[in-house]
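Here is a short tour of a protein model and its ligand. Please take a look at the sequence and the structure first.

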Amino acid sequence: MPDLPPPSLRLRLDEEALAANWRALDTMSGTASAGAAVKADAYGLGADKVTPVLSDAGARDFFVAHWSEVPQVLHHVPPAQVSVLHGPVRGEDAIYARAVGVRPVINSIEQAKRWLETGGGPCHLMVDTGINRLGVSLADIGDPMIAALEIDLLMSHLASADEDSALNARQLERFRTVGGSVSALRYSLANSAGIALGSDYAFDLTRPGIALYGGIPRGELAGTIRQVAHPQVAVIQVRKLAPGDSVGYNAAFTAHEEMRAGVVSLGYADGFLRCRGSGVLRCGEARLPLLGKVSMDMVVVDLRAAPAIREGDWLDVPFDLPAMAEASGLSQYELLTTLGRRFRR
Ligand SMILES: *Cc1c(COP(=O)(O)O)cnc(C)c1O
């Protein structure tokens, strides 16, 4: 059997920018260390590629959401550095955590009970200070099950750190109060945006995710955080359009003159949704506007600005996250995590 031919989409991961983003966030965290959220396959960029880069840069705390995400990360870092945010939801989660040595994040009295009944051991505790997602509520913090835990990290998560919301200071205050009554080895509150809120929010460990990958959740991070993901797509056909020819589903574009158009393999399954359809692809400095709608697995671009383009040539998909979020209505998180599996990473 011949080798499988390479895909017509590729995602260049700028490892230097990724490492530099971690170092910048670690520095901004002051006396705290920065960890790394690598859940959702490192926000779509590939945990297998991202984890060793961050580990080499100096990260020692890695957060995944699901138990299914553990093995990929364990290829690159020791189990005690891996935390599972969703916690032991079922008995087998606790058994698995103990067997491989990763840290569960305990999110409720029930999870604390499950962890203790299956043998206990070092864990993290998530307390809810106002997001009402996962986390032990403040009313339950005095429960004997919580007191019995062997807590490495006491953590909470900010709901609105990307905004100048009064909730930030309220959550900080509540976290300080809980920290006064629950003893843990380390305390952690800030995500990427939380790091930009200042040293009050840093405690012992910060947990950046989106900003590692080039996302800019707050203006303070612009100018520091570098783009990490660089998607590229191949032209799979060049067509000549005549005046009156329409393009793609619903014939949403009609040519008014003879022109060259490129059919590019980029579509919904690659995270390229119709709400991004008014954009451009690039070939070097040349801007190639999209013609018509994203049509399943393909888009068609105007090649008039780049007459030299031939079938098989690679185009750049602009990936400036804040600008794309603004233009599409999708969040920077959604734009990253929906990149899809067809890119060669
Ligand atoms: C996802 C997540 C983070 C990282 O958040 P970003 O906004 O991507 O920096 C940190 N902590 C917890 C608990 C998370 O779920």
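## About the model

This is a predicted model, in which local features need pLDDT of at least 70 and side-chain atom pairs count only at pLDDT 80 or more, while totals for chains, interfaces and linings use all residues. Residues are numbered from 1 along each chain as its sequence is written, and side-chain values use heavy atoms, with hydrogens and water left out.

Six residues from domain 1 and six residues from domain 2 make the contact, meaning heavy atoms within 4.5 Å.

About 570 Å² is buried between domain 1 and domain 2, with carbon and sulfur atoms giving 73% of that area. Buried area here is the accessible area (1.4 Å probe) that two parts lose on being put together, summed over both. On the side of domain 1 that touches domain 2, there are five nonpolar residues, one polar residue and no charged residues (Ala, Val, Leu, Ile, Met, Phe, Trp, Tyr, Cys and Pro count as nonpolar, Asp, Glu, Lys and Arg as charged, and the others, Gly among them, as polar). Zero salt bridges are found across this interface (a side-chain nitrogen of Lys or Arg within 4 Å of a carboxyl oxygen of Asp or Glu).

## The ligand site

Now to the ligand: 14 residues surround it, the closest being Lys39, Tyr43, Ser192, Ile210 and Tyr333; a residue is near if one of its heavy atoms lies within 4 Å.

The side chain of Lys39 places an N or O atom 2.7 Å from an oxygen atom of the ligand. For Tyr333, the distance from a side-chain N or O atom to a ligand oxygen atom is 2.6 Å. A polar side-chain atom of Arg207 lies 2.9 Å from a nitrogen atom of the ligand. Taken alone, the ligand exposes 390 Å², and the protein buries 94% of that (Shrake-Rupley method, 1.4 Å probe).

Technical notes: A polar contact is a pair of N or O atoms within 3.5 Å; within protein, one must be able to donate a hydrogen and the other to accept it, and residues adjacent in sequence count only if both atoms are side-chain atoms.
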